[in-house]
Amino acid sequence: MCEPTTLAVASLAMGAIGTGAGFVGQMNQQAAMGAQQSYLAQQARQRQQLADQQARDAIQRGQVAEQKQRDLTAQRIGSQTAALAAQGTDLEGSPTDILGDTKRAGELDALTIRNNAAREAWGYQVQGAGFGADATMRESWSPS
């Protein structure tokens, strides 16, 4: 039979081993959580970069579409001018009002295109800022 002292020492040793194993397990869990946060932060930074690229692309596409609209307006004015001249219309008074209206409408369309591109870019910029904030939060994560 075992002595009570031996049993007490064995019980204490087993408790210490259990405590040590629990501590090691907790440390491993915290390390895994840290690695996960680091990975998620990296993903958020990549999403932020993508959103920034999408914002730049939206502005570029808007600039191209805006210029195309202005070119189209210039063509319309040219066609209208040619049609009026072919009819023998004097390009004074009302005919110039028509050309002016065409020019104003075309410019409004071009500015609308620019504004829509800027709004699209702004949406991507806001999204990118959110991803950046998420990444910063995850990068500063530490177990309590």
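1. Buried positions in α2. In this predicted model, the buried residues of helix α2 are Pro95, Leu99, Gly100, Thr102, Gly106, Ala110, Ala117, Ala121, Gly128, Gly132 and Ala135. Buried here means under 20% relative accessible area, exposed means over 50%, and partly exposed lies in between (1.4 Å probe, protein chains only). Helices are DSSP runs of H or I with at least four residues, strands are runs of E with at least two, and both are numbered from the N terminus.

2. Basis of the values. Residues are numbered from 1 along each chain as its sequence is written, and side-chain values use heavy atoms, with hydrogens and water left out. The model is predicted, so local features need pLDDT of at least 70 and side-chain atom pairs count only at pLDDT 80 or more, while totals for chains, interfaces and linings use all residues.

3. Overall make-up. The protein has two helices and zero strands. Its length is 144 residues, and 15% of them count as buried. The accessible surface comes to about 10,200 Å². Carbon and sulfur atoms hold 58% of that surface. Areas come from the Shrake-Rupley method with a 1.4 Å probe; for residues, only the protein chains shown count as cover.

4. Length of α2. Helix α2 covers residues 94-139, which is 46 residues. At 1.5 Å a residue it should span 68 Å, and its end C-alpha atoms are 67 Å apart, so the two agree. The expected span is 1.5 Å times one less than the number of residues.

5. Contacts along the chain. Contact means heavy atoms within 4.5 Å. Among contacts with a separation of 6 or more, 84% are between residues 24 or more positions apart. Gln63 and Ile113 are 50 residues apart along the chain, with their C-alpha atoms separated by 8.2 Å. Gln30 and Ser142 are 112 residues apart in sequence and 8.6 Å apart in space, C-alpha to C-alpha. Gln63 counts as partly exposed because its relative accessibility is 48%. Gln30 counts as partly exposed too, at 22%.

6. Thr73. This residue lies in helix α1. Its relative accessibility is 6%, so Thr73 counts as buried. Leaving aside residues up to four places away in sequence, Thr73 touches Thr102, Lys103 and Gly106. Thr102 and Gly106 are among the buried residues of α2.

7. Glu66. Which residues does Glu66 touch, not counting residues up to four places away in sequence? They are Ala110, Ile113 and Arg114. Glu66 is found in helix α1, residues 4-86. It counts as buried because its relative accessibility is 7%. The Glu66 side chain also makes a polar contact with the side chain of Arg70, at 2.6 Å. A polar contact is a pair of N or O atoms within 3.5 Å; within protein, one must be able to donate a hydrogen and the other to accept it, and residues adjacent in sequence count only if both atoms are side-chain atoms.

8. A salt bridge is a side-chain nitrogen of Lys or Arg within 4 Å of a carboxyl oxygen of Asp or Glu. Eight are counted by this rule. One of the pairs is Arg114 with Glu66, whose closest N and O atoms are 2.7 Å apart. This pair links distant parts of the chain: Arg114 is in helix α2, Glu66 is in helix α1, and they are 48 residues apart. Is Arg114 buried or partly exposed? Arg114 is partly exposed, with a relative accessible area of 44%.

9. Salt bridges within a helix. Arg61 and Asp57 meet in a salt bridge at 2.7 Å, N to O. Both lie in helix α1, four residues apart, about one turn of the helix. Arg61 is partly exposed at 40% relative accessible area, and Asp57 is partly exposed at 34%. An α-helix has 3.6 residues a turn, so residues three or four places apart point the same way. In helix α2, Arg138 and Asp134 are also four residues apart. Their salt bridge has its closest N and O atoms 3.2 Å apart. Asp134 counts as partly exposed because its relative accessibility is 24%.

10. The network. Salt bridges that share partners join Glu66, Arg70, Glu107 and Arg114 into one network.
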